[in-house]
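Me: Hi! I have a new structure to look at, and I would like to understand the words used for it. Could we go through them together?

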Amino acid sequence: MSASSYSRLPSVADVAGDIGGVVERLARGETHSFAFGDGGVPEAVIASYDQYDDLRGEESLGRFEAVVPPEELARQLPEMVEAIRRGTFGPPVLAGSDAEPVLVVMSTQQYRTMRGDDEPPPGVLDDPTVRSYDSAPTPGSKPFSMEEWAKDDPFTQQMLEEIRQERGPADG
């Protein structure tokens, strides 16, 4: 993908200028993790603190020592992205109010590490919030049935049988 295909990507200034709105939307569950950056290139990610917590981000990535108020995050965001570009960005930065984190700012690499994702293929821009990498079957691969999948696992065989009994005879 070319950089122009990411032209709708929010810039650092866009995100900094609307950080209060971002905090509100994340707090209400109205938005998901998103990448942003300048020049149409994903450079950083904002994720909800809930996702960060669910994926045990503090265990794998650590965290900035304090929860940053949204106004302070708006002021510091350009410097944070500049540190990401230089490769000197530290642990993810948590932001929110009253010491309650709502969102997390991190590099695209930190987000991928937290999620356990692979590197994008060569030539694909690094936006780990968009799962659109191509994959193809390996040579010699073939589809398999549920029975083949469950053949060596008695528990899975039992679960399949219970599902079939609940559904009744197959419509045909």
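Reply: Buried means under 20% relative accessible area, exposed means over 50%, and partly exposed lies in between (1.4 Å probe, protein chains only). Tyr-49 is buried, and Tyr-52 is buried too. This is a predicted model, where local features need pLDDT of at least 70, side-chain atom pairs count only at pLDDT 80 or more, and totals for chains, interfaces and linings use all residues. Residues are numbered from 1 along each chain as its sequence is written, and side-chain values use heavy atoms, without hydrogens and water.

Me: Why is the pair of Tyr-49 and Tyr-52 called tilted?

Reply: Rings of Phe, Tyr and Trp (its six-membered ring) pair if their centres lie within 6.5 Å; planes under 30 degrees apart are stacked, over 60 edge-to-face, and the rest tilted. The centres of Tyr-49 and Tyr-52 are 6.0 Å apart and their planes are at 50°, so the pair is tilted.

Me: What makes Tyr-49 and Tyr-52 separated by about one helical turn?

Reply: They are three residues apart in helix H3 (residues 49-54), so about one helical turn separates them. Helices are DSSP runs (H or I, at least four residues), strands are E runs of at least two, and both are numbered from the N terminus. The chain has eight helices and four strands.

Me: How many aromatic pairs does a search of the whole structure find?

Reply: The search finds two aromatic pairs. Phe-34 and Phe-36 form a tilted one, with 6.2 Å centre to centre and 50° between the planes. Both Phe-34 and Phe-36 are buried. Across the chain, buried residues make up 37% of the 172 residues.
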